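Here are my notes on the model you sent. Please read them with the structure open.

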Amino acid sequence: MSGENKQIRPETLKGFQDLLAEDSLPRREVIRTIEAVFQRYGFSPIETPALESLETLLGAGGEETNKELFRLESPEGQPIALRFDLTVPFARVLAQYPDKMKVPFRRYAIGPVWRADKPDPGRYREFTQCDIDVAGSNSVAIDAEIVAIMCEAMGALGVADYAVVINNRKLFDALLEHCGITDPERVKHVMRVIDKLKKVGTENVRLELGPGRVDDSGDPIRGVELDGATIDAIIAFIGVTGTSRAEVVTHLEAALPATEAANAALGEMRELDTCLTALGVSESHARFEPSLARGLDYYTGPVFEMLLPSAPQFGSVGGGGRYDGLVARFLNRPIPATGMSIGLDRLMAALKHLGIITTGLAVSQVLVVTVGKVPPSETLRLASELRAEGIRTESYFASRKKRGMGNQLSHADHRGIPVAVIIGEDELAQGVVSVKDLRAGKEQREGIEDREAYRKAGKTGQITVPRVDLVQTVRDLLET
């Protein structure tokens, strides 16, 4: 038929997700929990636009990140892109508002970022980061606090099995400098190769540090072309282990050259260990791991990554590090900074897998259910009384075919609402209401369309109280 509108097939783009109520509600609870930890440490919220100039983002994270940018053009023809993290915009803000951003400054931001990456379990092209940063201090104590916050956030969420692995880019720098590798681009190439260690294994890393290799798809991967002695030194370094943070530092000292740069980096690690101990961060929850590189190019000192050993398939659920040179891209003076980010989407997937959170968390605490010819105004009045006392209440209004008791209680079940307040013509006349605990004995309610059938079905967990006692009765029930 000509002129008829063509229906559009509803679909979600690859690498993106719709968050329906059953997923969005527990997600918001997790955000509130993490945000409360951030605020306990004195961090203030800052929000920046989703879009930045291409110049702001290009080159900040490195070659791989450049490839993953969602590039656009503004109506004025300016090259722009969706932000790939929340750290680079923070660096831009620090440089743009020096009078308002007096350092040291603690900031947090929670919001979506975008990377044109290959989607994996818990990994999307649009994802949310929960980010904290401290600018204006080069103290290792601040790095220790960042790690402590990562640990405290996991504890607050009910995660017992977690570990923050920690390294220091300065250790790598000292080693590579001693081996004669000083070209910045070559150093970055080495770091990107080492960052693949957990994905590709030691032998493939060795090949990439040397002549290169062929990946599983048959595509060639360019190597760094280091000599054998240098490759052996790097492999020995990233293989260092120990039973404690202090022991790892001792073993690193043996694996590194006795240079001023190496001694300074080892000194930072010892101080970091001391600060973590002072903050009560245990060896089991924060350990030194020399193989940790972190892929972004802007890191300059300590780097961190959060792992959940019971859910290894999700990889790291958070990470960060020190980036003392990033603000200098926008300003004629450096501002030292450090921070970390929790990847909310990957964390949520891991928490569901571990059974720590479940879907279907209810917004409403009470559903007002009517029986018989109760005027809508009475339903609204009853709901308003409960809401005025801070009780989240939903009124049920549906088409005539769905107004039966069974439909109303089924709606409460589906929504996970724990309490029903039932009012009918008799209750209105007597000045009473019925309050039902829907968690107590979920009897079969299908087909229950009238008062008599409902009574025959049983009233487990139901009491009738004077209208004046309604609020207290509901409150007592919700607290049980």
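**Notes on the predicted model**

1. Strand β7 (residues 163-168) is mostly covered, with six of its six residues buried. This is a predicted model, and the points below should be read as such. In a regular strand the side chains alternate between the two faces of the sheet. In β7, Ala163, Val165 and Asn167 point one way. Val164, Ile166 and Asn168 point the other way, and all are buried.

2. Which strands does β7 pair with, and in what sense? β7 runs antiparallel to strand β11 (residues 302-307), and six bridges join them. Within that pairing, isoleucine 166 has phenylalanine 304 of β11 as its bridge partner. With strand β10 (residues 286-288), β7 pairs in the parallel sense over three bridges. There, valine 164 is bridged to alanine 286 of β10.

3. Helix α4 (residues 87-96) is another covered element. Nine of its 10 residues are buried, so α4 is largely enclosed by the rest of the structure. The buried residues are Thr87, Val88, Pro89, Phe90, Ala91, Arg92, Val93, Leu94 and Ala95. Note that Arg92 is on that list. The cover over these residues includes β2 (51-53), α2 (54-57), β5 (105-114) and β6 (126-135).

4. Check the loop between α4 and β5, where proline 104 lies. A cis peptide bond joins valine 103 and proline 104, with omega at about 0°. Most residues other than glycine have a negative phi, and most peptide bonds are trans.

5. Glutamate 225 also deserves a look at its backbone. Its phi is positive, about 65°, although glutamate 225 is not a glycine. The residue sits in the loop between β9 (220-222) and α10 (228-238). Is glutamate 225 buried or exposed? Its relative accessible area is 59%, so glutamate 225 counts as exposed, the cut-off being over 50%.

6. Threonine 379 belongs to helix α14 (residues 376-388). With a relative accessible area of 2%, threonine 379 is buried, because that value is under 20%. What does threonine 379 touch, leaving aside its neighbours within four places in sequence? Its contacts are Val368, Thr370, Val374, Ser395 and Phe397.

7. Alanine 264 is a residue of helix α12 (residues 260-278). Its relative accessibility is 48%, so alanine 264 counts as partly exposed. Asparagine 204 is 60 residues away from alanine 264 along the chain. The C-alpha atoms of these two residues are separated by 31 Å.

8. Now the overall picture. The protein has 18 helices and 18 strands. Its radius of gyration is 29 Å, well over the 23 Å that the globule rule gives for 480 residues, so the protein is more spread out than a compact globule. Along the principal axes, the C-alpha atoms fill a box of roughly 90 × 70 × 50 Å.

9. How much of the protein is buried? Buried residues are 49% of the 480. Among contacts with a separation of 6 or more, 70% come from residues 24 or more positions apart.

10. Last, surface and charge. The accessible surface of the protein is about 23,500 Å², and carbon and sulfur atoms hold 50% of that. The protein carries 58 positive and 68 negative charges.

Key. Residues numbered from 1 in each chain as written. Predicted model: local features only at pLDDT ≥ 70, side-chain atom pairs only at ≥ 80, totals over all residues. Heavy atoms only, no water. Helix = DSSP H or I, 4+ residues; strand = E, 2+ residues; numbered from the N terminus. Rg over C-alpha atoms; globule rule 2.2 N^0.38 Å. Buried < 20%, exposed > 50% of the residue type's maximum accessible area, 1.4 Å probe, protein only. Contact = heavy atoms within 4.5 Å. Areas by Shrake-Rupley, 256 points an atom, 1.4 Å probe, with all protein chains shown as cover. Lys, Arg positive; Asp, Glu negative; His and termini not counted. Charge placed at Lys NZ, Arg CZ, Asp CG, Glu CD. Pairing = 2+ DSSP bridges.
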